[in-house]
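Please look over the chain shown here before reading on. The briefing below is meant to be read side by side with the sequence and the structure.

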Amino acid sequence: MDAGAPPIDARAADRLAVWILITLVFLATVAGTLTPATDWQRAKNRIACVLCDEGSAGDALGNTLLFLPLGFVLARTSAGAVRTLAIATGFSVLVETVQFVVPGRDPNLGDVIFNGAGATLGWMAARSRPGKALGWSIVRATRQIVLPRENLRTWLTL
């Protein structure tokens, strides 16, 4: 930050912190879902699979948990439950579409459903009393990392 620049107000700093968190969650999700994996037979032939084979319950739980942070950070914005579900589902459809060209990835409808459910659960958790407290703590910590207090800036430049 420029020494002559006016200080950023707390609301703007919180919005910046939330958007940084959303960006990090999106990037982490992309890294986790679009990294090539070991090719396996029929990986691209299960598009309509929803809990259709052995191990599907664990996969469903993993997909739900994967999108939980996205719903949680979207709750820090003005996004309501429907908008959060739309953003998460749209993002999930995009990820599943790209998985068609990523070796070893298994694009299917079940992932989209459970990703949307995970984002919705994350949004709901963030709207609870403990979730609100945790959410604001995460936002404040992010804000302190991105925009440290004046007395810490000197030490951080060392």
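What follows is a short account of the fold, the surface and a few selected side-chain arrangements.

This is a predicted model, and the values below are computed from it. The chain holds six helices and zero strands, so that the order of elements from the N terminus on reads α-α-α-α-α-α. Of its 158 residues, 36% count as buried.

**Overall fold and surface**

- Among contacts between residues at least 6 apart in sequence, 82% join residues that are at least 24 apart.
- The accessible surface of the chain comes to about 9600 Å², and carbon and sulfur atoms account for 67% of that surface.
- Leu94, Val98, Phe100 and Val101 together make a nonpolar surface patch of about 370 Å².
- Leucine 94, one of the residues in this patch, is placed in helix H3, which spans residues 81-98, and leucine 94 counts as exposed because its relative accessibility is 52%, where the cut-off for exposed is over 50%.

**Aromatic side chains**

- A search of the whole structure finds two aromatic pairs, and a pair of this kind is described by the distance of the ring centres and the angle of the planes.
- Phenylalanine 26 counts as partly exposed at 23% relative accessibility, whereas phenylalanine 91 is buried, with a relative accessible area of 11%.
- Another aromatic pair joins phenylalanine 67 and phenylalanine 91 in a tilted arrangement, with 5.8 Å from centre to centre and 40° between the planes.
- Since phenylalanine 67 belongs to helix H2 (residues 56-74) and phenylalanine 91 to helix H3, the pair ties together parts that are 24 residues apart in sequence, and both of these phenylalanines are buried.

**Charged side chains**

- The structure holds one salt bridge, in which the side chains of arginine 143 and aspartate 14 meet at 2.7 Å, taken from N to O.
- This pair links distant parts of the chain, with arginine 143 in helix H5 (residues 129-146) and aspartate 14 in helix H1, 129 residues apart.
- Both partners, arginine 143 and aspartate 14, are buried; for arginine 143 this holds because its relative accessible area is 18%, and the cut-off for buried is under 20%.
- Leaving aside residues up to four places away in sequence, arginine 143 touches Ala10, Ala13, Asp14, Ala17 and Pro148.
- Arginine 76 has its charged end over the ring of tryptophan 136, at 4.4 Å from the centre of that ring.

- Phenylalanine 72 is found in helix H2 and counts as buried, because its relative accessible area is 15%, with under 20% as the cut-off.
- Not counting residues up to four places away in sequence, phenylalanine 72 touches Gly122, Trp123, Ala125, Ala126, Gly131, Leu134, Gly135 and Ile138.
- Phenylalanine 72 and methionine 124 are 52 residues apart in sequence, while their C-alpha atoms are 7.7 Å apart in space.

**The loop between H1 and H2**

- Alanine 37 is found in the loop between H1 and H2, and with a relative accessible area of 36% alanine 37 is partly exposed.
- The C-alpha atoms of alanine 37 and glycine 104 are separated by 4.5 Å, although the two residues are 67 residues apart along the chain.
- Alanine 37 touches Pro103, Gly104 and Arg105, when residues up to four places away in sequence are not counted.

How values were computed: Residues are numbered from 1 along each chain as its sequence is written. This is a predicted model: local features need pLDDT of at least 70, side-chain atom pairs count only at pLDDT 80 or more; totals for chains, interfaces and linings use all residues. Side-chain values use heavy atoms; hydrogens and water are left out. Helices (H or I, at least four residues) and strands (E, at least two) are DSSP runs, numbered from the N terminus. Buried means under 20% relative accessible area, exposed over 50%, partly exposed in between (1.4 Å probe, protein chains only). Contact means heavy atoms within 4.5 Å. Accessible areas come from the Shrake-Rupley method with a 1.4 Å probe; for residues, only the protein chains shown count as cover. Patches are made of residues with over 30% relative accessible area and no salt bridge: like charges are joined within 9 Å, nonpolar side chains (Val, Leu, Ile, Met, Phe, Trp, Tyr) within 5 Å. A salt bridge is a side-chain nitrogen of Lys or Arg within 4 Å of a carboxyl oxygen of Asp or Glu. Rings of Phe, Tyr and Trp (its six-membered ring) pair if their centres lie within 6.5 Å; planes under 30 degrees apart count as stacked, over 60 as edge-to-face and the rest as tilted. A charge sits over a ring if NZ of Lys or CZ of Arg is within 6 Å of the ring centre and within 35 degrees of the ring normal.
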